Amino acid sequence: MSELREKHKSIIEGYYYACCPHCKTTLVHGKNGTDTFIKCSKCGNFLHVEIKDDTVLVERKNS
Ligand SMILES: [Zn+2]
């Protein structure tokens, strides 16, 4: 299981960005409560992105 938790400063008030843990591509910008799946456009990894309590969690989903 690959899991990455990062603390980020918000770039726009209340919004945080999630980066691919593999290639560091910015995946999505969201706010607390965000819970989404996204495929990295660069390396093709399928990732689960969750933002809560000012923490960005990116978890890799293996098929
Ligand atoms: Zn990637």
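Strands here are DSSP runs of E with at least two residues, numbered from the N terminus, and two strands pair if DSSP finds at least two bridges between them. You're looking at a predicted model: local features need pLDDT of at least 70, side-chain atom pairs count only at pLDDT 80 or more, and totals for chains, interfaces and linings use all residues. Numbering starts from 1 along each chain as its sequence is written.

First, select β2 (15–19) and β3 (residues 26–31). They pair in the antiparallel sense over five bridges, and Tyr17 has His29 as its bridge partner in β3.

Now show the β2 side chains. Tyr16 and Ala18 are on the covered face, while Tyr15, Tyr17 and Cys19 are on the uncovered one. In a regular strand the side chains alternate between the two faces of the sheet.

Next, pick Tyr16, Ala18, Cys20, Leu27, Cys40, Leu47, Val49, Ile51, Val56 and Val58: this is the largest nonpolar core, meaning buried Ala, Val, Leu, Ile, Met, Phe, Trp, Tyr and Cys residues joined through C-beta atoms within 7 Å. Buried means 20 or more other C-beta atoms within 10 Å, exposed means 12 or fewer, and partly exposed is in between, with C-beta atoms placed from the backbone. β5 (46–52) gives the most to this core, three residues.

Last stop: Asn45, in the loop between β4 (35–39) and β5. Asn45 is partly exposed because 19 other C-beta atoms lie within 10 Å.

Terms used: Helix = DSSP H or I, 4+ residues; strand = E, 2+ residues; numbered from the N terminus.
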